[in-house]
Amino acid sequence: MVCHGARSISEFEMPVTFIGTSMRFLGTSSYSHQGYGCESKLYSLDHGQEKPQDKKKKSSGLATLKKKFIKRRKSSRSADHAKQMRELLSGWDVRDVNALVEEYEGTSALKELSLQASLARPEARTLQKDMAELYEFKYCTDVDLIFQDTCFPVHRAILAARCPFFKTLLSSSPEYGAEIIMDINTAGIDLPMFSALLHYLYTGEFGMEDSRFQNVDILMQLSEEFGTPNSLDVDMRGLLDYMCYYDVVLSFSSDSELVEAYGGSQSCLDEELRAHKAIISSRSPFFRHLLQRRIRTGEEITDRTLRTPTRIILDESIIPKKYVRVILNCMYTDMVDLSILHSSPSVGSLSEVQALVAGKPNMTRAEEAMELYHIALFLEFNMLAQGYSEVHTAGIKAIYQCLEQPTLTKADSCRTESKVAFKSINATDVQ
């Protein structure tokens, strides 16, 4: 079949791009609007025909640039490091050279030891993981949400801190164990999706793969009805600062017999600290077992009936009061902040007074960090334990670095660097 103006295939000018041994045509063919002339237009990486002189100039320019890169690379590879080291050490005493070699060997050993220690120690559970476990196992819940004839035990303080919708809803039913029937206007919300929404409020993640969460329209409807929460760390920081809906009070006593006798129901004279059962039970197995024991013995029923927060009396000889603010801060934020120990004039505790009476000097920050480390192990709070191991690492690193400085400024620099290292640990996120 022959069409008007047709040519043989060999007559078409078809730019071809070759990659390796395969042939590829770039672009698509189109027909002329002037009848069926079978003219094809193929787009390639070449824009028009170039003259041989232009090609030669371009290729020569690229070749020159390539030669420059190769020359620069060869010059960097051919650097004689041994020669430079000999020139550096030519005027050194043998003892100084031996000290430098020992320092390099020590640095290498410390690096290997740090790597092995990081691999050996277990991964600390983050706030997000503990909150996911809290939602799954329902520790110390205080309100029930009823949705489609299904009960969802939740924590009033967490939902109120994370979601404006629930803050308004829960304020209308302040009693413990209230059952609230959910009436959601957003269409298409079923039980799995409602559970995923609650999981998101606890952890900042939906916790399930659902294509509906990729639908912008549904997300917009949910944000209009429930509001848009902040990030988890911001809302938990607000919960720590304002202590809305707190349901536990930590008191302190130096009399261990009083703690054993009353088990947390006797009022104390010392300063009290507020907290939330949901947070301390999810972060510390010690507090979780303590609260569960109170439920089994019936002590929790009295507090619920009287609508009073649960009182936990801590033996200050084991957990000094000055450390509890640091512990709570880490529980709510995953941050270790040593500056809290000395930021308030009221953080003094009975153990400090006894130490002063006995003539013992004030504890250094390193000693405080070590004591906190042992308290963290006692509470089974791994995030805090690993956090204060980072304090020690920062202090040792600062001292080691200042040893490399000139002798005249070494002492002052060591003191300055150590203080900065221990003070700046509040900006360290131990995860």
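Q: What makes a set of residues the largest nonpolar core here, and which members touch the most others?
A: A nonpolar core is a set of buried Ala, Val, Leu, Ile, Met, Phe, Trp, Tyr and Cys residues joined through side-chain atoms within 4.5 Å. The largest such core in this predicted model has 70 residues, and Leu145, Phe166 and Ile327 touch the most other members. Helix H14 (residues 321–333) gives the most to this core, with eight residues.

Q: What do the numbering and the values rest on?
A: Residues are numbered from 1 along each chain as its sequence is written, and because this is a predicted model, local features need pLDDT of at least 70 and side-chain atom pairs count only at pLDDT 80 or more, while totals for chains, interfaces and linings use all residues. Side-chain values use heavy atoms, with hydrogens and water left out.

Q: Which residues is phenylalanine 166 in contact with, leaving aside its neighbours within four places in sequence?
A: Contact means heavy atoms within 4.5 Å. By that rule, phenylalanine 166 is in contact with Leu145, Leu159, Met182, Leu198, Leu201 and Phe226, once neighbours within four places in sequence are set aside.

Q: Why is cysteine 330 called buried?
A: Buried means under 20% relative accessible area, exposed over 50%, and partly exposed in between (1.4 Å probe, protein chains only). Cysteine 330 has a relative accessible area of 0%, so it is buried. Its place is in helix H14; helices (H or I, at least four residues) and strands (E, at least two) are DSSP runs, numbered from the N terminus. Not counting residues up to four places away in sequence, cysteine 330 touches Arg283, Met335, Val336, Phe381, Met383 and Leu384. Cysteine 330 and leucine 127 are 203 residues apart in sequence, yet 9.2 Å apart in space, C-alpha to C-alpha.

Q: Why does cysteine 151 count as partly exposed?
A: Cysteine 151 has 40% relative accessibility, so it falls in the partly exposed class. This residue is found in strand S4. Cysteine 151 touches Asp144, Leu145 and Ile146, not counting residues up to four places away in sequence.

Q: Why is histidine 199 buried rather than exposed?
A: Histidine 199 has 18% relative accessibility, so it counts as buried. Histidine 199 is found in helix H7. Leaving aside neighbours within four places in sequence, histidine 199 is in contact with Ala132, Tyr135, Gly204, Glu205, Phe206 and Gly207.

Q: How far does the backbone oxygen of glutamate 205 lie from a polar atom of the side chain of histidine 199?
A: The distance is 2.9 Å.

Q: Where do helix H4 and helix H7 make their contact, and at what angle do their axes cross?
A: Axes are lines fitted to C-alpha atoms, for helices over the stretch in contact, and angles run from 0 to 180 degrees between N-to-C directions. The axes of helix H4 (residues 127–137) and helix H7 (residues 191–203) come within 8 Å and cross at roughly 140°. Gln128, Met131, Ala132, Leu134 and Tyr135 of H4 meet Ser195, Leu198, His199, Tyr202 and Thr203 of H7.

Q: Which classes of residue make up the contact of H4 with H7?
A: Ala, Val, Leu, Ile, Met, Phe, Trp, Tyr, Cys and Pro count as nonpolar, Asp, Glu, Lys and Arg as charged, and the others, Gly among them, as polar. On that scheme the contact of H4 with H7 has six nonpolar, four polar and no charged residues.

Q: Why is aspartate 149 called exposed, and what is its phi?
A: Aspartate 149 has a relative accessible area of 79%, so it is exposed. Its phi is near 60°, a positive value in a residue other than glycine. Aspartate 149 is found in the loop between strand S3 (143–147) and strand S4 (150–154).

Q: Why does methionine 243 count as buried?
A: Methionine 243 has 11% relative accessibility, so it is classed as buried. Methionine 243 is found in the loop between helix H9 (232–242) and strand S6 (248–253), and has a positive phi of about 55° although it is not a glycine.

Conventions: A polar contact is a pair of N or O atoms within 3.5 Å; within protein, one must be able to donate a hydrogen and the other to accept it, and residues adjacent in sequence count only if both atoms are side-chain atoms.
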